[in-house]
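Take a walk through this fold, one contact at a time. Keep the structure open beside the text.

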Amino acid sequence: SMFNVLVMALDYLWIKKNDSNAKHARENLEKAIESCIVKGYLTPDAGGKLKTEDVTKYLERELKAYVK
């Protein structure tokens with residue numbers, strides 16, 4: 001859920017400040033979050049068994065793939 005807060009912050013920058021970089025970052029982060037959920041990379045609070053650090057590392061790898 002902390003990553004969804006980042007999505008909302010990027011939404012604010014995109015909508016209120018007309019920041020196109022925030023729009024692209026938001027889209028990429030949302031795709032990475034969806035990929036994480038679909039592949040089962042979840043922490044215990046979301047029904048998974050991974051540590052927050054492991055999920056964060058996965059999201060980082062996904063985001064790096066999107067910006068290439």
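E30 and R26 sit 4 residues apart in helix α2, so about one helical turn separates them. In this predicted model, the two side chains form a salt bridge. Their closest N and O atoms are 2.7 Å apart. E30 has 31% relative accessibility, so E30 counts as partly exposed. R26 has 15%, so R26 counts as buried. The cut-off for buried is under 20% relative accessible area.

R26 has another partner. D11 forms a salt bridge with R26, and here the closest N and O atoms are 2.3 Å apart. D11 belongs to helix α1, residues 2-17, while R26 belongs to helix α2, residues 20-38, so this bridge ties together parts that are 15 residues apart in sequence. Both D11 and R26 are buried.

How many salt bridges does a search of the whole structure find? The search finds 4. One of them lies in helix α3, residues 52-66, where K57 and E53 are 4 residues apart, so about one helical turn separates them. The side chains of K57 and E53 meet at 3.1 Å, N to O. K57 has 41% relative accessibility, so K57 counts as partly exposed.

Now step back to the overall plan. The chain has 3 helices and 0 strands. From the N terminus on, the order is α-α-α. Taken along the principal axes, the C-alpha atoms fill a box of roughly 40 × 25 × 20 Å. The chain has 68 residues, and buried residues make up 28% of them. What share of the contacts with a separation of 6 or more comes from residues 24 or more positions apart? That share is 40%.

The largest nonpolar core has 11 residues in all. The members are F3, V7, L10, A22, L29, A32, I33, C36, V55, Y58 and L59. Helices α1, α2 and α3 each supply at least two residues of this core. Which helix gives the most? Helix α2 does, with 5 residues.

Set aside the neighbours within four places in sequence, and F3 is in contact with L29, I33, T56 and L59.

Is Y58 buried or exposed? Y58 is buried, with a relative accessible area of 4%. The structure holds 1 aromatic pair. The rings of Y41 and Y58 have their centres 4.1 Å apart and their planes at 10°, so the pair is stacked. Y41 lies in the loop between α2 and α3, and Y58 lies in helix α3, so the pair ties together parts that are 17 residues apart in sequence. Y41 has 29% relative accessibility, so Y41 counts as partly exposed.

Y58 also has a polar partner. The side chain of S35 makes a polar contact with the side chain of Y58, at 2.6 Å. S35 lies in helix α2. S35 is buried, with a relative accessible area of 12%. Not counting residues up to four places away in sequence, S35 touches Y58, E62 and Y66. Y66 takes part in a further arrangement. K31 lies over the face of Y66, at 4.7 Å from the ring centre.

Finish in the loop between α2 and α3, where L42 lies. L42 has 19% relative accessibility, so L42 counts as buried. That value falls on the buried side of the cut-off, which is under 20%. What does L42 touch, leaving aside its neighbours within four places in sequence? The contacts are I37, G48, K49, L50 and V55. L42 and T52 are 10 residues apart in sequence, and their C-alpha atoms are 8.2 Å apart in space.

Definitions and conventions
Residues numbered from 1 in each chain as written. Predicted model: local features only at pLDDT ≥ 70, side-chain atom pairs only at ≥ 80, totals over all residues. Heavy atoms only, no water. Buried < 20%, exposed > 50% of the residue type's maximum accessible area, 1.4 Å probe, protein only. Polar contact = N/O pair within 3.5 Å; in protein donor to acceptor, adjacent residues only side chain to side chain. Contact = heavy atoms within 4.5 Å. Phe/Tyr/Trp six-rings, centres within 6.5 Å; stacked < 30°, edge-to-face > 60°. Lys NZ or Arg CZ within 6 Å of the ring centre and 35° of its normal. Core = buried A, V, L, I, M, F, W, Y, C linked by side-chain atoms within 4.5 Å.
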